[in-house]
Amino acid sequence: MSNKQTRVRFAPSPTGFLHVGGLRTALFNFLWAKKNKGDFILRIEDTDRAREIAGATENIVATLKHFKLDFDEGPNLGDRNQESGVGKDKYGPFVQSQRLDIYNKHIQILLDKGAAYKCYCTAERIDELKKQADASKVPFKYDKFCLKNPDPSAGSGSHNFVIRQNIPEQGTVEFEDEVYGRIRVENRTLDDGVLIKSDGWPVYNFANVVDDHHMAITHVIRGEEFIASTPKHIHLYEAFGWPVPKFVHLPLLLSRERKKLSKRDGDVAVKEYLDKGYLPEALLNFVAFLGWNPKTEKEIFSLDELIAEFDLKKINRAGAVFDPDKLDWFNAQYLRNKTTAELVELVRPYLPVAAGEYPQEFLAKIVEIERERLKKLSEIGERTSYFFIEPQYDGELLKWKNASADELKSSLTAAKTMISNFKSLISETEIEDNFLKRIGDADKGTMLWPLRVALSGLKASPGPFEIIEAFMSLPKGKEIMAKRIDLALEKLAKL
RNA sequence: GGCUCCAUCGUCUAAUGGUUAGGACGCCAGGUUUUCAUCCUGGUAAUCGGGGUUCGAUUCCCCGUGGGGCUGCCA
């Protein structure tokens with residue numbers, strides 16, 4: 001039994017829709033929390049007011065909820081489960097813009113200790129410094145001018161200054177990353193970065209440390225891009241005299257070009273995938289396998305199974321390319337395991353017509369036909385439009401190998417007669433039996449190919465028996481089929 | 001440029017100081033079949049390079065090369 005409750009946080013900034021990288025980070029945090037019966041906390045890092053996008057927080061919260069990555073503590077948006085918000089008073093609020101007083105109090109501590117200092121340098125002076133550094137090919141570092149020459153206007157209450165972190169010029173910082181192992185950096189390579197902006201708001205590097213400490217975070221699980229700033233965070237923890245949490249940096253999610261996945265790559269918003277008809281379970285399963293692997297050959301994992309299997313030690317170090325083909329495969333797997341009723345509901349918004357006008361039975365048949373062929377829900381529309389709308393096609397398509405037009409016509413006519421004699425609710429097997437009996441030793445294609453084309457108008461489609469079965473569940477199904485066969489006969493006559 | 005991280009099929013990855021380097025996705029071929037999909041069978045394809053250590057290295061070490069991240073009053 002651990003003597004300390006595991007507490008992790010997912011800390012996105014509300015600058016847009018949750019993207020797949022964020023989803024993976026959230027998932028890993030969630031898994032680790034649940035694995036250890038600890039708490040998963042959502043914290044909104046909204047200290048950059050310029051980049052904030054209205055509604056982004058709501059989107060993040062709604063998306064996490066959709067994926068069942070329920071947080072135990074987080075921003076209070078009204079409909080949260082209060083019972084699970086234990087400790088909220090103790091640790092919250094969970095939105096940084098509501099914690100400004102906390103940051104103010106703590107920056108003063110740093111100022112008093114000399115671990116931070118006010119800087120009155122103008123942007124022009126900083127630019128000049130950077131230009132010089134560039135010209136002489138040395139890395140830019142703020143020269144601590146304001147530390148050495150405190151400005152006489154200090155304390156005037158004006159906010160035309162920033163507060164910088166006073167990083168020692170000698171020595172090294174090091175930490176043990178749970179994934180990457182020991183990382184050691186020399187202090188002289190670290191810049192005296194800004195902690196408090198001239199508008200009085202903290203930057204990430206500062207707020208992050210203060211919050212992680214006050215929220216009693218035990219494991220900081222975040223993307224690898226933060227490794228470089230971790231040494232600065234350590235200096236801050238040490239300046240405050242606070243214990244340092246464990247760091248767990250996750251390998252980056254990469255685009256096809258092997259660059260950090262970003263909005264520029266398009267298709268990174270989780271919402272986009274959901275809209276296209278990827279199932280949350282599939283997305284989660286897929287993303288779980290990016291940078292992590294249970295070391296067995298099993299690939300399909302429910303959220304509960306992921307919790308059971310998850311282990312920090314199994315996280316990889318190399319970046320992982322996001323492969324849409326593999327996502328499609330995962331999604332197809334999950335689609336197949338849905339019940340017919342579930343699938344009908346899932347597919348409803350993607351049908352080409354108002355599905356409410358059609359009997360449930362008919363929709364169920366269609367969904368059964370498509371379940372093995374679907375990669376994502378959004379495909380259902382174009383795949384099944386012929387069920388709802390009379391298909392347009394070239395009569396040439398009716399031709400089968402070297403069967404003559406007369407042969408095709410007579411087989412279509414025969415098919416039409418057979419269908420007209422079918423009783424409603426006839427099964428696919430029965431339909432097939434009837435046809436096979438009728439065809440006998442003759443070539444099946446001569447009968448079945450033109451029939452299938454007549455009904456679907458497609459070069460490639462499900463088999464005619466399945467299509468007929470579906471139509472037979474429609475009150476006017478027989479009429480529709482008869483009409484389509486007549487149309488095909490007309491087309492054949494014109495060839 | 002500086003700091004730092006990484007390196008097994010195209011992609012996600014497994015494995016070991018000794019294996020025919022395994023699986024999955026994709027792709028290709030064959031089978032089933034009225035077309036498509038499914039399904040079945042088979043196939044293609046990888047240890048970045050060079051040095052060490054060792055009886056033996058893909059695995060451990062070093063150097064190189066390549067790639068990524070950071071280098072913001074973004075997170």
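Which element gives the largest share of the surface near RNA strand B?

1. The model is predicted: local features need pLDDT of at least 70, side-chain atom pairs count only at pLDDT 80 or more, and totals for chains, interfaces and linings use all residues. Residues are numbered from 1 along each chain as its sequence is written, while chains are lettered from A and ligands numbered from 1 in the order in which they are written.

2. The largest share of the surface near RNA strand B comes from H18, with 5 residues. A residue is near the strand if its C-beta atom, placed from the backbone, lies within 6 Å of it. Helices (H or I, at least four residues) and strands (E, at least two) are DSSP runs, numbered from the N terminus.

3. RNA strand B is surrounded by 61 residues, the closest being Glu45, Ser198, Tyr204, Ala318 and Gly463. Among the elements that give two or more residues to this surface are strand E6 (181-186), helix H12 (324-336) and helix H18 (444-456).

4. An open sheet is formed by 3 strands in the order E3-E4-E7, with antiparallel pairing; two strands pair if DSSP finds at least two bridges between them. Strand E3 (116-119) and strand E7 (194-196) stand at the edges with a single partner strand each, so one side of each is left without a neighbour in the sheet.

5. E3 is joined to strand E4 (residues 162-165) by 4 bridges, and the two run antiparallel. Within this pair, Cys119 stands opposite Val162 in E4.
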